[in-house]
Amino acid sequence: MSANRLGGAASAYLRSAAHQPIHWYPWGAEAFAEARSGDRPVLLDIGAVWCHWCHVMDGESYEDAALAAFLNENFVCVKVDRDERPDVDARYQRAVQMLTGQGGWPLTAFLVPSGDVFYGGTYFPPDGRLGRPGFRTVLASVLEAYRARRDQVVTQAAAIRRAVDAGLDESMAGTPTSGLLDRAEAQMARAFDPAHGGFGSAPKFPHPAALVFLLHRWSDAPTPERRTIIDRTLQGMARGGMHDHLGGGFHRYSVDREWIVPHFEKMSYDNSELLRIYADAAAAFGDAEYAAVARGIVRWVREVLADPAGGYGASQDADVGLHDDGDYFTWTRDEAAAELAPAEFEVASAYYDIGTAGEMHHNPGKNVLFIASTVSAIAAGGGRTEGETRALLASAEAKLRLGRARRAAPFVDRSRYSAWNAMMASALLRAAAALEDGWAWSHALLTLTRLRSESAAADTIAHASGGVTGLLDDQVHVAAAALDAFEATGDASWLDWAERLMHRVWADYWDDQAGGLFDIARGREGEGLLPARAKPVQDAPTPSANGTAGIVAVRLAALTDASLWAERARALLDAFGGRAEDLGLHGATLLLAADWAMNPATHFVVTGPARSEAAGRMHRRALATYVPRRVVRRVVPGDARPLPAAIAGMLGLAGDEPRGFLCTGTECRAPADEAAWSDLLDDLLAGPRGGIDSPRAASDSRA
């Protein structure tokens, strides 16, 4: 039985606190009314079910009876799931960052009854350690300040509120130019780690949108420098411990520069964007290693996140218990040896560096699996052929996978958040074509069909079924995925849906004074800092909603030939153009929108009867071909939708036979039958691929 108000919450994170002796409130008017009536400060705890230190603070402090009694008497306590309420999290993170210079989860903020912040931090141990003040001391100091120095507290809270109001608007007018893209790329190159790949030092995050941007740049003008940044980063992540070599998919980030030791939680949104870049890189470079990594992500999604009825869970936890640190994913030497035959263990321990001295501080015997050698080197050292060595490694991996499956597995949050589901469906459609994966194709379309059927209105998306509405992220990411579904199927209802969603975006989120899109729809605000108007443009860490909106608008212009969408895209880019250069890595999605707007799209149009097998094969081949700013159309007789003028003028040349049309900007190739279409797309890829030697043999996915 729930000891507080969280037992019936939709959020798994909130339900995990239902047994705690704290009189928790969920976010809402009731909590702030109680604070006002009792003249008590509000303790706001924002966390997530996948967050290790959130659970540590729960166990150390919020489950302590004496501390709970103190909190219940003196504070109104509110608990928020940052995945369920990203709008709340964004504003209170910014407020605490302004106070302390840092944010993160758990976020611990202290509010006056109006909801304004006067003090905060992240994780507080119950008693002072780890260089942090003790939570009991913090609570006593906060309460003393609230009671004895109220004027000072209220003044500070008001000052922070004003700073939040000003700081949440990330727009700055300016017209993007090609020079902007050049300078942004140069900034990324300066941040590149040439030794290990990636950007910056420790901790190291993947930045997939920046890699997509750089892949666009490489495809437009192949240079060794661009290829090196892309390859070294993708290879570094793929071969490091951030990659789950047994289960597929990626952990959230690496705590070290070398990509070896991760934070072990796995997020849907990270894996969708990594799936996209690995699938695109596999298609662009013909690289078998990247294709294998992409297949591993799809396998993890299918086995762990996917709902058979459509949709994907939000995350998989890092740990099973408070004193666990990735134990499900790591191995001692004895644990691995117990699962494997001696020859398998010899090969696997050399390949994955399974030694007596592991990488985990809480248990030095625990090893993170990462690729430490090559098949050829291990074969030579063991007196085996490479084929024998690969077979032993594959057998060892299968046995380790089965052994891991017998362990208690970390919790999977089954919450289906619309933006993240759309991002995953979009990435799966991209991967389905590149990898010829039928499950990825069908499940992505099933997910988008479910999202559409569960929507209360044809032009509005809830954050989760039955959850809050009016979040820009959900609207634009679902619209983007709907466009992918239209290109993948030729079904015009997906294009219609994307247009309706984006018309609603401009009606409800557009800033009529300064341009740009607010993160919350007009009229859907609420308590505390929620009325603060935010226009975010950074990828933090999901792709920026404003950047995504720009890409969707340009794609709509290309697919519908409607000038309205081009005008809207230009206005949006002009609203943020003054900031784009400064954002660098964190503004990659906006840079991609600018790239789409300033450079010509490549149109693949396949015509022919709806049931034509040849036209179907030509369509699938177009979907599997990588070029930047690609637009794919499947046109059947009687389709009245507008096409680019250059293509529309040639359609009469096709007759009723399947034909492919390829146009970049205003330049078009001659209509092609199936054989010529295949040759044409081969030639399209041969140019950029052939100009640079890959740092590894594409056929050797085992390094």
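Residues are numbered from 1 along each chain as its sequence is written, and side-chain values use heavy atoms, with hydrogens and water left out. Because the model is predicted, local features need pLDDT of at least 70 and side-chain atom pairs count only at pLDDT 80 or more, whereas totals for chains, interfaces and linings use all residues.

Side chains of opposite charge can pair when their charged atoms come close. A search of the whole structure finds 51 salt bridges, each defined as a side-chain nitrogen of Lys or Arg within 4 Å of a carboxyl oxygen of Asp or Glu. One of them joins arginine 150 to aspartate 39, with an N to O distance of 3.1 Å. Arginine 150 belongs to helix α7 (residues 150-167) and aspartate 39 to the loop between α2 (29-38) and β2 (42-47), so this pair ties together parts that are 111 residues apart in sequence. Helices (H or I, at least four residues) and strands (E, at least two) are DSSP runs, numbered from the N terminus. Relative accessible area was classed as buried under 20%, exposed over 50% and partly exposed in between (1.4 Å probe, protein chains only). Arginine 150 is partly exposed at 26%, and aspartate 39 is likewise partly exposed at 41%.

A salt bridge of 2.6 Å (N to O) links aspartate 193 with arginine 257. Aspartate 193 sits in the loop between α8 (178-191) and α9 (208-220), and arginine 257 in the loop between β6 (253-254) and β7 (262-263), so parts that are 64 residues apart in sequence are tied together. Aspartate 193 is buried, at 3% relative accessibility, while arginine 257 is partly exposed at 33%.

Four strands form an open sheet of mixed pairing in the order β12-β11-β13-β14, where two strands pair if DSSP finds at least two bridges between them. β12 (630-635) and β14 (667-668) stand at the edges with a single partner strand each, so one side of each is left without a neighbour in the sheet. Strand β11 (residues 602-607) runs parallel to β12 and is joined to β12 by 6 bridges; valine 605 stands opposite arginine 633 in β12. Helix α24 (residues 613-624) lies across β11, β12 and β13 (659-664), at about 170° to β12. Contact means heavy atoms within 4.5 Å; axes are lines fitted to C-alpha atoms, for helices over the stretch in contact, and angles run from 0 to 180 degrees between N-to-C directions.
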